[in-house]
Amino acid sequence: MSNLISEFIRARHIDSFQKLRFLLFLQQHPDLSETGPEFAAQLYLGDTRLLEEIIRDLEKAGLVDCEENRCRLHHQPEIHSCLRCLARAFEDPLARQTILDQVRHYPTIK
């Protein structure tokens with residue numbers, strides 16, 4: 001796993017599997033714009049309140065834009081590039097385990 005991915009996870013405060021899963025979903029659907037309940041119904045990540053908290057955290061981290069209760073992936077080339085790298089790395093079982101360990105132990109891993 002590259003340092004770019006590790007730094008992206010740390011800098012953007014991706015500190016839970018749910019956030020990681022949501023970002024990977026958005027990376028696959030970059031033009032999707034939905035409400036928290038709509039995302040929750042598609043992703044099965046828990047209740048709507050949990051997903052709305054995740055969305056708020058990702059909005060603070062500059063990864064998600066929300067307007068009129070509809071949220072979407074922030075359209076910035078650097079974010080899209082990092083998420084593509086993250087998604088490719090996540091396909092490799094060994095890299096996936098490293099990513100999950102980093103997320104699980106956030107922020108203790110520097």
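Guide: A salt bridge here is a side-chain nitrogen of Lys or Arg within 4 Å of a carboxyl oxygen of Asp or Glu. By that definition the structure, which is a predicted model, holds six salt bridges. Side chains of opposite charge can pair when their charged atoms come close.

One of these pairs lies within helix 1, where Arg-10 and Glu-7 are three residues apart and therefore separated by about one helical turn; their closest N and O atoms are 2.8 Å apart. Arg-10 is partly exposed, at 34% relative accessibility, and Glu-7 is likewise partly exposed, at 38%.

Another pair joins Asp-31 to Arg-72, with 3.6 Å between the closest N and O atoms, and it links distant parts of the chain, since Asp-31 sits in the loop between helix 2 and helix 3 while Arg-72 belongs to strand 2, 41 residues away. Asp-31 counts as exposed, with a relative accessibility of 58%, whereas Arg-72, at 27%, counts as partly exposed.

Strand 2 also contains Arg-70, which is paired with Glu-38 of helix 3, so that parts 32 residues apart in sequence are tied together; in this salt bridge the closest N and O atoms are 3.4 Å apart. Arg-70 is partly exposed at 35% relative accessibility, and Glu-38 is partly exposed at 33%.

Finally, salt bridges also form a network, in which Asp-15, Lys-19 and Asp-57 are linked.

Note on methods. Residues are numbered from 1 along each chain as its sequence is written. This is a predicted model: local features need pLDDT of at least 70, side-chain atom pairs count only at pLDDT 80 or more; totals for chains, interfaces and linings use all residues. Side-chain values use heavy atoms; hydrogens and water are left out. Helices (H or I, at least four residues) and strands (E, at least two) are DSSP runs, numbered from the N terminus. Buried means under 20% relative accessible area, exposed over 50%, partly exposed in between (1.4 Å probe, protein chains only).
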